[in-house]
Amino acid sequence: MAQAVTRRAVVKRGVFLAGAAVCGLGRLRPIAYAQEKAPIRIGFIADITGTVAQSGRDMLDGFQLYLAEKGSTMAGRPVDLIIEDAAGVPANALTKARKLVEQDQVHILTAPLLASEGYAVRDYIVDRNTPTLFAVCSADDLTQRKRAPVIIRTGWSSSEPSHPFGEWVAGTLKYKRIATIGSDYAFGYEVVGGFQRTFEQRGGQVVQKIWAPLGTPDYSPYVTQIRRDVDAVFAIPVGADAIRFTKTYRQYGLKDKIPLIGGGVLMDESLLRGMDPSDADGTITALMWSAALPTPQAQKFVAAFRARYAKDPSYYAETNYSGAQWIHAAVEHIDGKVEDQQGFLRALRAVQLPNAPRGPMRLDDYQNVVQNVYVRKVDVRDGHAQNTVIYTFHNVSQFWTFPPAAFLAQPVYGRDFPPCRYCA
Amino acid sequence: MWRRANGSSGRWGSRAMGAAVLVALAALPLVSPTYYLHLLTLTFCYGILAMSLDVLVGYTGLSSLGHAAYFGVAGYMVGVLATRYALGFWPAFSLALLAAIIVAGVFGLLAIRATGPYFLIITLALGQIIWGLAYRWVSMTGGDNGLRGIPRPVVGFGLHLAQIQSFYYFALIVTALAAGVMAVLAVSPFGLTLRGIRESGSRMRALGYNVWLHKYLAFVIAGAFSGLGGVLYAYYNQFVSPADVSLVASANALLMVVLGGSGTLWGALIGAALLVFLQNLISGLTQRWLTILGAILVLSVMYAPQGIVGAARVLVARGTAGPASRAAPVPTAEPHA
């Protein structure tokens, strides 16, 4: 009896000491950097656990690849990448943002993945005047009706690829009637909304709009709702939902009868690698990246990424790679003086990357990126699925061909905007 | 918590310790970087939630997996009233608390008929109703995007709470008051009846107590305090989202109570502090922080099932008791603070 008690007491003491040590260790990190040149601190709010862990992982991999290629140095100063996990929860993203800005005193922040997380941190970063790079978070309004000087969006806005794609589908594929199915939150609304707007402008009709909650475990009830008298289905489920949706779409026999098109994220490489190739084959989507982009700078990046991580780079990886490239260009421009916040922001706004892996990148007056949009079709070669580029749109901005003032006068794309005029 | 021979216990001892902790917390902003003030404020918000859950779990013996619902109802109420209707602090606070009480009142009618695992399931389901509303009633709650832009309150006499230092003191005062009221409740005749019901509902019924009414009142009171935590949280975070009323949020609250020690109000506060600090400090050190958190929880369930406060009490009792008294302590009906 006495033996057991002592052992248990030792373990308890051990757990207590371990806990205390862990709390104490957190203070050690700043001491390690009392060297010659003070490091540039970049705060990276990652989502490497939780519902979007796969994509969040890609984000971090892309960013770290660029840093590794440059020896973690910018303008002669070492780069300290401080990674915090928000796990896809907006409240956590806000807490981590606070920590990175107030505790670690980072010079620049990178935004988390989800639109909800982006909105959660927006007010805080504006309040603290912290330059923040939005490489993936694509909530339209962050560079439109809720824009701010500290938001540097090098990634995209959700509706940016949808506008040209809507015109292309109406003009080239000549589809007339389309049903849409998307994840029931801001991102889904904006991707579908942008598509519907230009598609209907060109004479098309969206006759059905279905919304499924993010994280739907079973798409059968939604797939069976889809009208059979349409020319195509435009789909934008997000994350693991895309894999489940495409499987159900084929299982219910729709894949052979009704062509599947959608937002680029549906066939993003991070999900394509988890999909059955026959579920994905032939799907046409639009995005500003494809791992099969035949340009030299794209292929160089793809080869480097494959060599380091043994997987195809998704747009999550590319946007963070070119995002890191963007930050580097700005830092070089101001000779590494990132402490001058206003100067750093001006440099960030002025960067132009003509040779990023995805193609040329520059910012518009609202600090959102202007870039190419690629129409891609999934091709399966030797059991490996890839997004073959079949058309390129150049110089696409978040407003497409609409005058910004008129665009902003309308409400942001929502569940009921644009309204479904042709729905039965 | 030093025992005296006549058993009149360490009420003064624990009061002195409580006072010392309060003084330490009050002095903290003078020396600490602001990040820890943020973490402590978060601890206070969740601490009130956890303490309110402890009233249900520890004192009445009803484990609920939907307690974050009232936290969220009050939080969203504050959010909507403060952003869309620009209501001041006192009206928004009162209406939010009222909303939490009403929801707890309605849900209590449905839940109290059940016991044990059935109570767990029905509270889970009721919590999910609130989550569903938060997620889908987009025009009111902002849906998945959440409600942002909640302004920090101005609490009478022109006291702005925009800076974390001032909000920290506000949160400390609110938490101390809430803890004080709940502690008084725990040692009141009502609290003692609850503990009797926790031990054996049928015996209390045989003694003539209205068990259903006591349980229902405990549920509503717990819901009210949970709402108080929600109000504090909404004003602190300036942002509310469906994640704050999700199953994970409710489970976290239960975890805080169990980790700290159920049946002891301070345990809930300590559990909240532990979870908040562990989650935020460990995640900065390693990407495997979830594993570490899980391991700590498993170890504490195995070796400290009474929670931290329970284990501390055992340690103290063993330390102060002489070598002669190795016998198990005689259980008393005396209330401990």
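What follows is a set of questions and answers on a predicted model.

Biologist: How do you know whether the size of chain A agrees with that of a compact globule?

Modeller: With 424 residues, a compact globule would have a radius of gyration near 22 Å, and chain A has 23 Å, so the two agree. Along the principal axes, the C-alpha atoms of chain A fill a box of roughly 70 × 65 × 45 Å.

Biologist: What makes a residue count as buried, and what percentage of chain A is buried?

Modeller: A residue is buried if 20 or more other C-beta atoms lie within 10 Å of its own. In chain A, 53% of the 424 residues are buried.

Biologist: Why are S14(A) and S15(A) called paired strands?

Modeller: Pairing needs at least two bridges. Ten bridges join S14(A) to strand S15 (residues 384-396) of chain A, so the two strands pair. They run antiparallel, and A:Val373 has A:Phe393 in S15(A) as its bridge partner. Two residues lie between the strands of this hairpin, where A:Asp382 takes a positive phi near 55 degrees.

Biologist: What makes S13(A) and S14(A) a pair?

Modeller: Two bridges join strand S13 (residues 359-363) of chain A to S14(A), and at least two are needed, so they pair. A:Leu363 stands opposite A:Val369 in S14(A). Their hairpin has five residues between the strands, and A:Gln367 in the turn has a positive phi of about 65 degrees.

Conventions: Residues are numbered from 1 along each chain as its sequence is written. Chains are lettered from A and ligands numbered from 1 in the order in which they are written. This is a predicted model: local features need pLDDT of at least 70, side-chain atom pairs count only at pLDDT 80 or more; totals for chains, interfaces and linings use all residues. The radius of gyration is taken over C-alpha atoms; the globule rule is 2.2 Å times the number of residues to the power 0.38. A residue is buried if 20 or more other C-beta atoms lie within 10 Å of its own, exposed if 12 or fewer, and partly exposed in between; C-beta atoms are placed from the backbone. Helices (H or I, at least four residues) and strands (E, at least two) are DSSP runs, numbered from the N terminus.
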